[in-house]
Amino acid sequence: MHSDPEPAPGALAARPPAPLAEPVLPLTGGAGLYDHSARDAFSPATVRMAGVAALILTVGVAAWLVSANAAFENGKAGGTPNQLAPVAQAAVLEPGSPAAEGAQIIATKPCVGCHTIPGIPGANGQVGPNLTGVASRTKIAGGAVPNTGPDDLKKWILNPPAVKPGTAMPNVGLADDEATKIVAFLETLK
């Protein structure tokens with residue numbers, strides 16, 4: 001049996017010469033990037049066909065979902081009048097009344113930035129609840145505070161954190177007279 005000679009202790013075995021680079025291939029996409037598409041499992045045409053087929057399938061499923069939904073057939077896909085509710089109208093206020101003065105006061109306070117309030121120009125906030133019908137609600141503050149009459153509303157708007165700790169509604173520093181007039185206006189929102 002014939003064997004290669006052993007290298008001297010501590011010396012490295014000689015390496016056979018190897019090519020330093022692959023055979024010359026056309027460059028695509030920048031320096032040093034080779035076109036390896038010939039080695040891909042699927043041809044570019046096959047991938048394009050699969051993409052078109054997936055798009056056609058998606059459109060077909062969407063069309064089937066729309067046609068299967070009865071709400072599109074009967075014209076109620078946008079909601080029924082019961083779900084959409086008409087835009088609330090504010091009560092007609094007698095000039096000089098406490099309710100009319102309350103409406104003027106509330107328009108100058110930060111309330112309008114957080115609440116939608118019928119009859120108050122610019123009061124279209126979305127952070128707090130819509131105050132349409134607030135006088136008819138048995139509970140306010142997310143159901144945490146009873147609303148049995150004007151006194152409950154007044155107590156709430158004078159100092160919300162004292163009534164419901166942790167509430168996002170701030171104490172805006174209303175005077176007692178201001179709160180009374182604001183409540184008179186809110187009581188018209190039934």
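Reader: Which residues is Asn147 in contact with, once its neighbours within four places in sequence are left aside?

Author: In this predicted model, Asn147 is in contact with Val134, Ala135, Arg137, Thr138, Lys139, Ile140, Asp152 and Leu153, leaving aside neighbours within four places in sequence. Asn147 itself is placed in the loop between β2 (145-146) and α6.

Reader: Is Asn147 buried or exposed?

Author: Burial is read from relative accessible area, and buried means under 20%. Asn147 has a relative accessibility of 7%, so Asn147 counts as buried.

Reader: Which backbone atom lies 3.1 Å from a polar atom of the Asn147 side chain?

Author: That atom is the backbone oxygen of Val134. Val134 is also among the residues in contact with Asn147.

Reader: Let us turn to the overall fold. How many helices and strands does the protein have?

Author: There are 8 helices and 2 strands. Along the sequence, the pattern reads α-α-α-α-α-β-β-α-α-α. Of the 190 residues, 21% count as buried. Among contacts with a separation of 6 or more, 36% are between residues 24 or more positions apart. The protein exposes about 13800 Å², and carbon and sulfur atoms supply 63% of that area.

Reader: What does Ile120 contact, apart from its neighbours within four places in sequence?

Author: Ile120 is in contact with Ala103, Ile106, Ala107, Val112 and Phe185. Of these, Ile106 and Phe185 are also among the core residues that touch the most other members.

Reader: Which residues of α4 are buried, and what covers them?

Author: The buried residues in α4 are Ala99, Ala100, Gly102, Ala103, Ile105 and Ile106. Their cover includes α5 and α8.

Reader: Where is Lys181 placed, and which residues does Lys181 touch beyond four places in sequence?

Author: Lys181 is in helix α8. Beyond four places in sequence, Lys181 touches Pro98, Ala99, Glu101, Gly102 and Ile105. Lys181 and Pro98 are 83 residues apart in sequence, yet their C-alpha atoms are 5.0 Å apart in space.

Reader: What links Glu101, Asp177 and Lys181?

Author: These residues are linked in a network of salt bridges. Besides the bridge between Glu101 and Lys181, the side chains of Asp177 and Lys181 meet in a salt bridge at 3.3 Å, N to O. Asp177 and Lys181 are separated by about one helical turn because they are 4 residues apart in helix α8. Asp177 is partly exposed, with a relative accessible area of 47%.

Reader: Which residue forms a salt bridge with Lys154?

Author: The side chain of Lys154 meets that of Asp176 in a salt bridge (3.0 Å, N to O). The pair links distant parts of the chain: Lys154 belongs to helix α6 and Asp176 to helix α8, 22 residues apart. Lys154 is buried, with a relative accessible area of 19%, whereas Asp176 counts as partly exposed at 47% relative accessibility.

Reader: Finally, the surface. Which residues form a nonpolar patch there?

Author: The patch is formed by Leu57, Val61, Trp64 and Leu65, which together have about 440 Å² of accessible area. Val61 lies in helix α1 (residues 44-68). With 40% relative accessibility, Val61 counts as partly exposed.

Definitions and conventions. Residues numbered from 1 in each chain as written. Predicted model: local features only at pLDDT ≥ 70, side-chain atom pairs only at ≥ 80, totals over all residues. Heavy atoms only, no water. Patch = residues over 30% accessible without salt bridge, like charges linked within 9 Å, V, L, I, M, F, W, Y side chains within 5 Å. Areas by Shrake-Rupley, 256 points an atom, 1.4 Å probe, with all protein chains shown as cover. Salt bridge = Lys/Arg side-chain N within 4 Å of Asp/Glu carboxyl O. Buried < 20%, exposed > 50% of the residue type's maximum accessible area, 1.4 Å probe, protein only. Core = buried A, V, L, I, M, F, W, Y, C linked by side-chain atoms within 4.5 Å. Contact = heavy atoms within 4.5 Å. Polar contact = N/O pair within 3.5 Å; in protein donor to acceptor, adjacent residues only side chain to side chain.
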